[in-house]
Amino acid sequence: MRFDSLLDSVGGTPLVGLPRLSPTDDVRLWAKLEDRNPTGSIKDRAALRMLLDAEKDGRLRPGNTILEPTSGNTGISLAMAAKLRGYRMVCVLPENTSEERRQILRMWGVEIISSPAAGGSNEAVRVAKQVAEEHPDWVMLYQYGNPSNAAAHYDGTAREILADLPSVTHFVAGLGTTGTLMGSGRFFREHKPDVKIVAAEPRYGELVYGLRNLDEGFVPELYDETLIDARFSVGPRDAVRRVRELLDNEGIFAGVSTGAILHAALGQAAKCVREGERADIAFVVPDGGWKYLSTGAYEGTIDEAEDRLEGQLWA
Amino acid sequence: MAIELRVPTILRTFTGGEKLVTGAGDTLAAFIDDVEGSHPGIKERIVEGEPAELRRFVNVYVNDEDVRFTGGLQTGVKDGDVVVVLPAVAGG
């Protein structure tokens, strides 16, 4: 496959069957390998689309500085795209994200502003909004509220899955900015409305939820609950267990959030088997495991891995 | 057996610091009312309005499934179920 530049190679990722983890011949699981994007994560899709759309409508002009709150992957994707198109990049990153993600961001030339660990990405968003006020000339693409984020999955992720697997019955993805689920959900509602849209949401340790008032929570502006059919909360124990099963049974080395998504997909598969329904369940592998080696998720017992993930933003 | 409520840090002022409290009921609404009986004040931090609805930035899960997709406060619950209450947080 030949492309004019790295940016042109975003998307078009493989959808691979999981013959060992699929429960029966009638209930099958399919993994969309988003780690095959240029910087190794699904966020290349959203980052590129947000950047190109902002250039198109004039919000972003040569020499501008881009600011973004991110727990890592979006920052890495934006940094790559920004470097190739000539922008300076500043990220607001929670303190409790993996060291690999920080190193990779610095390698791409990103300037990092740290936000407090307690509160997780909510805090990064709050700090970024504050920084944006102090620097009105900086451009915040703001993945949580930018329709281009969802559009990347409407035109890419979901469209590719339907083309490769016309018999798809379920789409399972992680819930973070909600961009993957909103764009894909809208695509399937319009093009194959019987496809069930299932969200897997990481459940972190208590530190991440902080001591904040319950009224200070955060729901991304993109989120529209009518576009999904079920939403599951998955803790680090199940995520680690599943990410190891994926490696042991199918040879796929994925990031920890994939474990959470696979857990929801397997739950859905078991339900279909119980109810005697045929199912082709497509789920997203947002990234590979490389950036999470230092979290200890892949070594030792599940108990040890669970302890090590406590307080970290593992998805 | 009873139904178990995992209490988020911020609401433990109502449970004397306990992370885990139990209650009974056939629906989530009845269960929350029951918990309110033994831990007064906790209910209005989870639900609001009349008829009662979940507060916007509060997520409630029964056995890990978000109740907004299973009937909201009318979601059926039974002995042995685990109810988790969490503030909404961002990802990405």
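The following questions and answers walk through the two chains of this predicted model.

Residues are numbered from 1 along each chain as its sequence is written, while chains are lettered from A and ligands numbered from 1 in the order in which they are written. In this predicted model, local features need pLDDT of at least 70 and side-chain atom pairs count only at pLDDT 80 or more, whereas totals for chains, interfaces and linings use all residues.

Trainee: How many helices and strands does chain A have?
Mentor: Helices (H or I, at least four residues) and strands (E, at least two) are DSSP runs, numbered from the N terminus. Counted in this way, the secondary structure of chain A comes to 10 helices and 10 strands.

Trainee: What is the radius of gyration of chain A, and what does the globule rule give for 315 residues?
Mentor: The radius of gyration is taken over C-alpha atoms, and the globule rule is 2.2 Å times the number of residues to the power 0.38. The C-alpha trace of chain A spans about 60 × 40 × 40 Å along its principal axes. Chain A is as compact as a globular protein of that length, because the rule gives 20 Å for 315 residues and the radius of gyration of chain A is close to this, at 19 Å.

Trainee: How do α8 (residues 236–250) and α10 (residues 302–309) of chain A lie to each other, and what is the word for it?
Mentor: Axes are lines fitted to C-alpha atoms, for helices over the stretch in contact, and angles run from 0 to 180 degrees between N-to-C directions. The axes of α8(A) and α10(A) come within 9 Å and cross at roughly 125°. Angles under 35 degrees count as roughly parallel, over 145 as roughly antiparallel, 65 to 115 as roughly perpendicular and the rest as oblique, and α8(A) and α10(A) are therefore oblique to each other.

Trainee: At what angle does α8(A) pack against α9 (residues 256–274) of chain A, and what is that arrangement called?
Mentor: The axes of α8(A) and α9(A) are 7 Å apart, and the two helices pack at an angle of about 95°. Among the residues that meet are A:Val240 and A:Leu246 in α8(A) and A:Val256 and A:Leu262 in α9(A). The contact of α8(A) with α9(A) has seven nonpolar, three polar and three charged residues. The two helices are therefore roughly perpendicular to each other.

Trainee: Which element supplies the largest share of the side of chain A that touches chain B?
Mentor: In this interface, 34 residues of chain A are in contact with 21 residues of chain B. α4 (120–134), α7 and β9 (230–234) of chain A each supply at least two residues of the side of chain A that touches chain B. By class, this side has 15 nonpolar, 12 polar and seven charged residues. The largest share, five residues, comes from β9(A).

Trainee: What pattern does chain B follow along the sequence?
Mentor: Chain B has two helices and seven strands. Read along the sequence, these follow the pattern β-β-α-α-β-β-β-β-β.

Trainee: Where in chain B is B:Pro51 found?
Mentor: The peptide bond from B:Glu50 to B:Pro51 is cis, with omega near 0°. B:Pro51 itself is found in the loop between β3 (47–48) and β4 (53–54) of chain B.

Notes:
Two residues are in contact if their C-beta atoms, placed from the backbone, lie within 7 Å. Ala, Val, Leu, Ile, Met, Phe, Trp, Tyr, Cys and Pro count as nonpolar, Asp, Glu, Lys and Arg as charged, and the others, Gly among them, as polar.
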